[in-house]
Amino acid sequence: MTPDTPAFGTLNLEHASTVDRVVEELRRAVFDGELEAGTPLREVALADSLGVARSTVREALAVLVGEGLATREPNRGVHVAEADPDSVRDVCRARAVLEVAGVRRWPAASEELRDDVRQALTAYTAAVRDGASYQRLNEKHLAIHLSLVGLLDSPRLVATAEALSAELRLALAQIDRIRRNAHDQAGSHNHLLHLLERGDIEAAVAEIEAHLADAEVAILDALGVRPVG
């Protein structure tokens with residue numbers, strides 16, 4: 001090992017952390033609706049605004065493209081992705097597969113994983129009670145759904161669910177605030193947990209399937225898409 005090796009390693013770690021911070025800030029802006037669908041994500045302007053190198057922005061944009069939050073088109077560059085109805089339907093189908101599987105595994109899941117579901121619901125209910133922002137409520141709501149997938153005790157499936165949630169948050173950020181009652185959502189999830197706690201798994205499965213189906217209809221309706229069939 002040469003004397004230069006430790007310094008080189010440190011520089012790489014510093015660079016990686018900067019890319020991560022840029023990705024996080026861009027994600028936040030997209031999810032909060034500050035960057036609307038179709039907004040050009042220009043390297044020079046972003047680099048100047050964030051005070052980082054263009055290469056850092058380029059890497060961050062590549063991450064967003066990989067997550068489906070941005071699109072890259074020839075001769076047009078990178079833009080904030082637009083919510084696509086077919087993608088929304090596909091995301092909702094995939095979520096249902098994962099979350100139903102998680103609900104079915106409740107009896108065999110560890111107490112720690114079941115506590116994650118309880119705590120996620122408690123955090124969401126507290127956010128509703130405190131009058132949290134739309135973005136905060138949305139974040140806490142999706143966390144409940146992630147905790148259901150967590151019951152499968154599979155890091156890969158949880159990572160898949162997190163990616164699906166990111167796509168869903170993109171759609172939610174781009175519509176004009178779905179007019180749904182947060183208290184009704186809290187009540188629905190409390191009922192789901194009650195069914196799980198008493199061991200009525202089939203009723204819990206029916207509850208989560210109905211919840212996800214209603215969510216899909218509401219999102220597509222907010223996007224101005226008529227139901228298929």
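A residue is called buried when its relative accessible area is under 20%, exposed when it is over 50%, and partly exposed in between, using a 1.4 Å probe and protein chains only. At 14% relative accessibility, His-141 therefore counts as buried. The structure described here is a predicted model, in which local features need pLDDT of at least 70 and side-chain atom pairs count only at pLDDT 80 or more, while totals for chains, interfaces and linings use all residues. Residues are numbered from 1 along each chain as its sequence is written, and side-chain values use heavy atoms, with hydrogens and water left out.

The protein contains 9 helices and 2 strands. Helices (H or I, at least four residues) and strands (E, at least two) are DSSP runs, numbered from the N terminus. In sequence order the elements follow the pattern α-α-α-β-β-α-α-α-α-α-α. Of the 229 residues in the protein, 39% are buried. A contact means heavy atoms within 4.5 Å. Among contacts between residues at least 6 apart in sequence, 71% join residues at least 24 apart.

Confidence is given by pLDDT, the predictor's confidence in each residue, from 0 to 100. The protein has an average pLDDT of 85, and 86% of the residues score at least 70. Among the elements, helix H5 (residues 111-129) has the highest mean pLDDT (95), and helix H1 (residues 5-31) has the lowest (71).

Two packed helices are described by the angle between their axes and the distance between the axes. Helix H4 (residues 85-104) packs against helix H6 (residues 134-150) at an angle of about 60°, with the axes 7 Å apart. Axes are lines fitted to C-alpha atoms, for helices over the stretch in contact, and angles run from 0 to 180 degrees between N-to-C directions. Angles under 35 degrees count as roughly parallel, over 145 as roughly antiparallel, 65 to 115 as roughly perpendicular and the rest as oblique. H4 and H6 are therefore oblique to each other. On the H4 side, the contact is made by Arg-95, Leu-98, Glu-99, Gly-102 and Val-103, and on the H6 side by Leu-142, His-145, Leu-148 and Val-149. By class, this contact has 5 nonpolar, 2 polar and 2 charged residues. Here Ala, Val, Leu, Ile, Met, Phe, Trp, Tyr, Cys and Pro count as nonpolar, Asp, Glu, Lys and Arg as charged, and the others, Gly among them, as polar.

Gly-102, which lies in helix H4, counts as buried at 0% relative accessibility. Residues up to four places away in sequence aside, Gly-102 touches Leu-148, Leu-151 and Leu-152. Gly-102 and Leu-146 are 44 residues apart in sequence, and their C-alpha atoms are 9.4 Å apart in space. Trp-106 is in the loop between H4 and H5 and is buried, with a relative accessible area of 3%. Beyond its neighbours within four places in sequence, Trp-106 is in contact with Arg-114, Val-117, Arg-118, Leu-151, Leu-193, Leu-196, Glu-197 and Ile-201. The C-alpha atoms of Trp-106 and Leu-151 are separated by 6.4 Å, although the two residues are 45 residues apart along the chain.

His-141 lies in helix H6. Its contacts, leaving aside neighbours within four places in sequence, are Tyr-124, Gln-185, His-189 and His-211. Ala-173, in helix H7, is buried, with a relative accessible area of 14%. Ala-173 touches Val-30, Phe-31 and Gly-33, not counting residues up to four places away in sequence.

Most residues other than glycine have a negative phi, and most peptide bonds are trans. Asn-75 has a positive phi, near 70°. Asn-75 is found in the loop between strand S1 (70-73) and strand S2 (77-80) and is exposed, at 85% relative accessibility. The phi of Asp-153 is also positive, near 55°. Asp-153 lies in the loop between H6 and helix H7 (155-174) and is exposed, with a relative accessible area of 54%.
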